[in-house]
Amino acid sequence: MSKRVAITGMGIVSAIGNSVAENFDSLKNGKIGIGKISLFETRHQNEILVGEVKMSNVELENSLHLPHSHNYTRTALLGAFAVKQALQQANITDCNDKKTAFISSTSVGGMDFTEKYFYEYFENTEIERFITSHDAGHASHEIAELIGLEGLVTTISTACSSAANAIMLGARLIKSGRAERVIVGGTDALSKFTINGFKTLMILSDTYNTPFDDNRKGLNLGEAAAYLVLEAEEVALAAGKNILAYVAGYGNANDAFHQTASSENGDGAYLAMEKALKVAQILPEAVDYINAHGTATPNNDLSEGRALIRAFGDKVPAFSSTKAFTGHTLAAAAAIEAVYSVLAIQNQCIYPNLNFKTPMQEFHLIPETKFVSAPIKTVLSNSFGFGGNCSTIIFTK
Amino acid sequence: MAKCFINGIGVIAAQDVLLPTDQFSTLNEDVNLAVEPVYKELIAPNLIRRMSKGVKMGIYASQVALNEANVTVPDAVITGTGLGCIEDSEKFLKGILDNDEQFLTPTSFIQSTHNTVGAQIALRLQCKGYNFTYVNRDSSFEMALLDGLMQIKADEEQNILVGGIDEVSDHTIKLLQIAEIIRSEKNKNAALYAEGANFFALSNTKQENTYAEVVDVIICNQVADVNTWITEFLAKNNTSISEVDAVVMGINNTEVNVQYNQSLLAVFQHKTILHYKHLIGQFDTASAYGLGLAAQYMKHKKVSDNFIYSGSIGSVQQVLLVNQNFGKDYSLVLLKEAN
């Protein structure tokens with residue numbers, strides 16, 4: 001298991017941009033993507049703020065040149081849009097010229113269409129084709145077909161940590177020699193289902209989310225998709241590819257505390273970070289920047305903060321949550337934050353944790369609040385989800 | 001490199017028959033519900049009340065597998081499911097649609113995520129290790145198995161619980177009948193559907209009760225030439241079609257599948273072929289039942305006639321499992337007699 005895992009391409013669509021460059025520009029210039037919901041009607045319209053992708057389904061369909069008879073839901077559309085960018089950057093025209101796998105992730109799958117047509121399916125034959133676009137594997141199958149990939153295709157759903165696990169599995173497939181190249185990431189569209197779900201849990205904020213602030217009120221949901229092309233280093237070098245960064249470490253653990261809440265001391269989060277450092281074979285002090293999960297819920301930020309202190313002691317590296325820009329994009333979150341982590345290495349910078357004013361009472365952790373230049377060799381990115389699923393990925397220069 | 005053994009199996013299926021050496025009857029219903037065990041034998045009654053069927057089936061089957069393997073807490077829990085916790089998803093969605101997003105309670109939302117079964121197993125066992133859920137139609141279970149196999153072979157973990165769970169739910173059944181995935185008046189040739197939970201305790205250590213060794217697993221979303229694909233997989237594992245004693249195939253002979261099954265069967269002419277989907281139904285993780293069947297066959301050296309598609313039952317050292325649906329999500333699993 002000695003092969004190094006190189007990143008050679010990235011694609012992203014989020015509330016702060018429809019490309020890698022647009023996302024970076026927004027992060028650099030403090031342009032947030034949070035606002036009132038416009039995608040669909042909901043009675044919570046005036047009580048919540050969300051991070052919507054600024055492209056309609058029709059615009060996405062057109063840019064993908066899909067036939068009229070397609071059965072992509074928004075989750076699949078966003079995913080396909082981001083995958084195509086990633087392949088382009090990695091300069092891949094034939095997905096099958098190397099042993100290639102595709103690992104996607106999603107939490108809602110095609111729920112955005114199921115909730116629209118749930119009862120109408122019984123009356124309207126025109127929309128029947130969308131019935132089979134409900135399951136989480138649908139988008140992955142469609143995207144694999146669109147890019148002509150014949151190989152291992154799979155989908156992961158571990159709630160808000162899903163895409164981190166896709167990256168982890170991709171790295172492990174390459175290290176074990178089962179794949180030479182793996183396209184990894186996640187996609188999730190906004191849906192009434194998730195908005196109401198998080199609403200019943202009373203963890204949605206009615207203001208712009210404020211990660212790691214003592215007065216934080218909860219999260220803003222968002223939608224996004226992002227994918228990275230991972231390649232065995234020797235394969236990438238032989239093809240003369242530009243290596244953007246490396247996936248150096250990964251860790252997965254379960255908090256085993258509660259179906260939706262994180263444990264007080266962040267056991268799962270701590271274990272995931274510890275494992276990732278071990279796999280990367282680095283000491284905690286080698287980490288230059290942490291892209292925190294930082295959802296801005298009272299529970300997450302306290303639990304994650306405590307885990308950071310357990311893992312890094314009194315020398316917690318510079319950290320920030322970028323969710324004030326994008327909202328919490330669920331299964332896609334770890335994928336967009338992987339793109340941001342790689343961009344931090346490429347551009348030698350740290351992103352601001354927006355909306356932070358008051359340090360939390362429980363500890364003295366102050367996130368970076370400005371866009372700053374800094375020497376960045378190693379970035380650690382956290383993602384935690386319902387079901388106690390905790391994952392950490394470490395990216396290096 | 002370590003070996004990966006199956007040391008425990010837990011099964012809940014559409015027929016209440018524990019061993020594949022017993023007599024089964026062919027399914028007739030469009031949708032066949034699982035025969036549920038007496039859960040309170042293994043799960044506390046106050047917990048049972050709050051659990052959806054998928055969670056109950058998953059916890060029960062996983063506990064049976066762990067008990068048999070004599071494992072208290074595994075190092076990792078890896079599950080596969082096609083539709084996930086569809087019953088709670090439906091319940092929460094109906095609440096949203098029927099009452100205009102009002103009067104909702106979080107319980108069904110909390111239990112609707114695809115990783116609920118894996119999470120509940122971890123929570124109950126206080127297993128803080130690796131925890132993954134795969135949700136990729138007909139190869140969901142095989143990916144869980146491959147993941148577990150990779151970790152045991154690489155000496156990363158010693159005991160791993162892997163399983164597949166799928167439950168059926170009323171509204172989704174009706175929709176899948178409209179889509180002609182499940183048999184109904186609309187399409188008499190669609191699949192007889194079912195649900196179930198199949199769990200396996202994988203270990204790097206052979207025990208007295210070990211069923212078989214999992215040698216290798218491969219998954220491919222589309223296969224142009226099945227003969228070459230299968231031959232290469234076997235060659236990579238230093239064996240060949242002629243050395244495989246039996247093939248366990250997930251044959252779901254619906255109209256759309258006939259051509260794909262025919263090309264697979266052509267690869268295995270004159271071989272002993274076992275099948276099971278006519279007895280336990282079609283669902284995304286039905287092939288996990290096939291692994292249990294193959295493992296039982298290797299251990300007991302016999303299966304009931306109900307499972308025999310062609311050939312005869314005899315000595316068995318190597319078994320190949322083959323599965324696909326709609327010409328997608330092809331998987332192969334190679335088992336060897338444990339030694």
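**Group meeting: strands, a helix pair and the A–B contact**

Let's start with a helix crossing: in chain A, α3(A) goes past α5(A) with a right-handed crossing. Before I go on, keep in mind that this is a predicted model.

So, who touches whom there? On the α3(A) side you have T75(A), A76(A), G79(A), A80(A) and V83(A), and they meet H138(A), A139(A), E142(A), I143(A) and L146(A) of α5(A). Sorted by class, that contact between α3(A) and α5(A) comes to six nonpolar, three polar and one charged residues. For the geometry, α3(A) covers residues 74-89 and α5(A) covers 137-146, and the two pack at an angle of about 40° with axes 9 Å apart. That angle is why we call α3(A) oblique to α5(A).

Okay, on to the strands. Look at which way they point. A224(A), A226(A), L228(A), L230(A) and A232(A) go one way, while A225(A), Y227(A), V229(A) and E231(A) go the other, and all of them are buried. As a reminder, side chains in a regular strand alternate between the two faces of the sheet.

Which strands does β8(A) pair with? One of them is β1(A), residues 5-13, which is antiparallel to β8(A) over eight bridges. If you want a pair to click on, G11(A) has Y227(A) in β8(A) as its bridge partner. Then there's β6(A), residues 181-188, also antiparallel to β8(A), with eight bridges. Here T187(A) is bridged to A225(A) of β8(A).

There's also an open sheet of three strands in chain A, in the order β2-β3-β7, and its pairing is mixed. β2(A) (34-35) and β7(A) (221-222) are at the edges with a single partner strand each, so each has one side without a neighbour in the sheet. β3(A), residues 50-51, runs parallel to β7(A), and two bridges join them. One to look up: V50(A) is bridged to L221(A) in β7(A).

Last topic, the other chain. How many residues of chain A are in contact with chain B? It's 49, against 49 residues of chain B. The largest share comes from α7(A), with five residues. By class, that side of chain A has 16 nonpolar, 25 polar and eight charged residues.

That's me done, thanks.

Notes: Residues numbered from 1 in each chain as written. Chains lettered and ligands numbered in written order. Predicted model: local features only at pLDDT ≥ 70, side-chain atom pairs only at ≥ 80, totals over all residues. Buried ≥ 20, exposed ≤ 12 C-beta atoms within 10 Å, placed from the backbone. Helix = DSSP H or I, 4+ residues; strand = E, 2+ residues; numbered from the N terminus. Pairing = 2+ DSSP bridges. Axes fitted to C-alpha atoms, helices over the stretch in contact; angles between N-to-C directions. Parallel < 35°, antiparallel > 145°, perpendicular 65-115°, else oblique. Left-handed = near helix turned anticlockwise from the far one by under 90°. Contact = placed C-beta atoms within 7 Å. Nonpolar A, V, L, I, M, F, W, Y, C, P; charged D, E, K, R; others polar.
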